[in-house]
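Biologist: Hi, I'm new to this one. Could you put it on screen and walk me through it?

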Amino acid sequence: MSSAKKNDTGKLPGVSSEGREEAARSNEKRRSVREELSADDRNLFKTSVRGVVPVLSDNRVAPEKPKPLPVPLKRKEDEDIARMEFMSGVSDADFMETDPDATYLRSGIGRDVLRKLKRGKWVIQDELDLHGLRREDAKVCLGLFLNHAVQSDSRCVRVVHGKGLGSVNQEPVLKKLVPQWLRQKDEVIAFTQAAPTDGGSGALVVLLRAKRR
């Protein structure tokens, strides 16, 4: 690209002195406006941040997430393992008690309810131990216990009556009486002899009706 030739005075030809002065004044005016705006911006920024203190990172506190409610998983796991070990390879015939009094199903209730109770499908929620009580005291305690269980929505309970080995002449008095008393209770839907892990022939697993709303 060829450059414009200058005349003998070193100035571009065709540009008068008035034009050059006008251009110089225009450039000076634009530079002045830029400087003025820059100064205003700086002053505005200083005014807006006046009194602001930097936040130290060490003082920051991370918000804590709410902790979940504890779940008794270990207890449930232990119960499931014990039940599976007991039920492994067991058929319905293995649950047939020699004493017919050890099994009861209220009229009108499906037999699958008793079958599930025998297989441990219901989790035992409460228990009553009648060991060492006289028959009169045992009957009263049983009635109070069943009523409390229903009111607290405990559907499946265990009643320990013992095997009678410590009774006079080793006669199992409560073992015979408890099933009779349970049959007379409106709260009782079904009961069966407890599994070996829950007391065997010395206890009954009892299914209760739901609490009336």
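**A first look around**

Modeller: Happy to! Let's begin with Arg209, which counts as buried because its relative accessibility is 18% (buried is under 20% relative accessible area, exposed over 50%, partly exposed in between, with a 1.4 Å probe and protein chains only). Do keep in mind that this is a predicted model, where local features need pLDDT of at least 70 and side-chain atom pairs count only at pLDDT 80 or more, while totals for chains, interfaces and linings use all residues. Residues are numbered from 1 along each chain as its sequence is written, and side-chain values use heavy atoms, with hydrogens and water left out.

Biologist: Got it. Where does Arg209 lie, and what does Arg209 touch?

Modeller: Arg209 sits in the segment after strand 5 (helices, H or I of at least four residues, and strands, E of at least two, are DSSP runs numbered from the N terminus). Not counting residues up to four places away in sequence, Arg209 touches Val150, Arg155, Asp186, Glu187 and Ile189 (a contact means heavy atoms within 4.5 Å).

Biologist: And Ala210, where is that found?

Modeller: Ala210 is also in the segment after strand 5. With a relative accessible area of 42%, Ala210 is partly exposed.

Biologist: Tell me about Asp153. What is its phi?

Modeller: The phi of Asp153 is near 60°, a positive value in a residue other than glycine. For background, most residues other than glycine have a negative phi. Asp153 belongs to the loop between helix 4 and strand 3, and at 33% relative accessibility Asp153 is partly exposed.

Biologist: Let's zoom out. How many helices and strands does the chain have?

Modeller: There are five helices and five strands. Along the sequence they follow the pattern α-α-β-α-β-α-β-α-β-β.

Biologist: How much of the chain is buried?

Modeller: Buried residues make up 24% of the 213 residues. As for contacts in the chain with a separation of 6 or more, 65% of them are between residues 24 or more positions apart.

Biologist: At what angle do the axes of helix 4 and helix 5 cross?

Modeller: The axes of helix 4 (residues 135-151) and helix 5 (residues 173-183) cross at roughly 40° and come within 11 Å. That makes helix 4 oblique to helix 5. Axes here are lines fitted to C-alpha atoms, for helices over the stretch in contact, and angles run from 0 to 180 degrees between N-to-C directions. Under 35 degrees counts as roughly parallel, over 145 as roughly antiparallel, 65 to 115 as roughly perpendicular, and the rest as oblique.

Biologist: Which residues make the contact?

Modeller: On helix 4 they are Arg135, Ala138, Lys139, Leu142 and Leu146, and on helix 5 they are Val173, Leu174, Leu177, Val178, Trp181 and Leu182.

Biologist: Which residues of helix 5 are buried, and what do they pack against?

Modeller: Leu174, Leu177, Val178, Pro179, Trp181 and Leu182 are the buried ones. They pack against helix 4, strand 3, strand 4 and strand 5.

Biologist: How many residues does the largest nonpolar core have?

Modeller: It has 22 residues, and those with the most contacts inside it are Leu142, Val178, Leu182, Val188, Val206 and Leu208. A nonpolar core is a set of buried Ala, Val, Leu, Ile, Met, Phe, Trp, Tyr and Cys residues joined through side-chain atoms within 4.5 Å. Two or more residues of this core come from each of helix 4, strand 3 (156-160), helix 5, strand 4 (188-193) and strand 5 (203-208). Helix 4 gives the most, with six residues.

Biologist: What is Leu182 in contact with?

Modeller: Leaving aside neighbours within four places in sequence, Leu182 is in contact with Leu142, Leu146, Val188, Phe191, Leu204 and Val206. Apart from this core lies another, of ten residues, among them Leu117, Val160, Ala194 and Val205.

Biologist: One last stop. Where is Asp126 found, and what does Asp126 touch?

Modeller: Asp126 is in strand 2 (residues 126-129), and at 27% relative accessibility Asp126 is partly exposed. Beyond residues up to four places away in sequence, Asp126 touches Phe145, His148, Ser154, Cys156, Val157 and Arg158.

Biologist: And is Arg134 buried or exposed?

Modeller: Arg134 counts as exposed, at 56% relative accessibility. You'll find Arg134 in the loop between strand 2 and helix 4.
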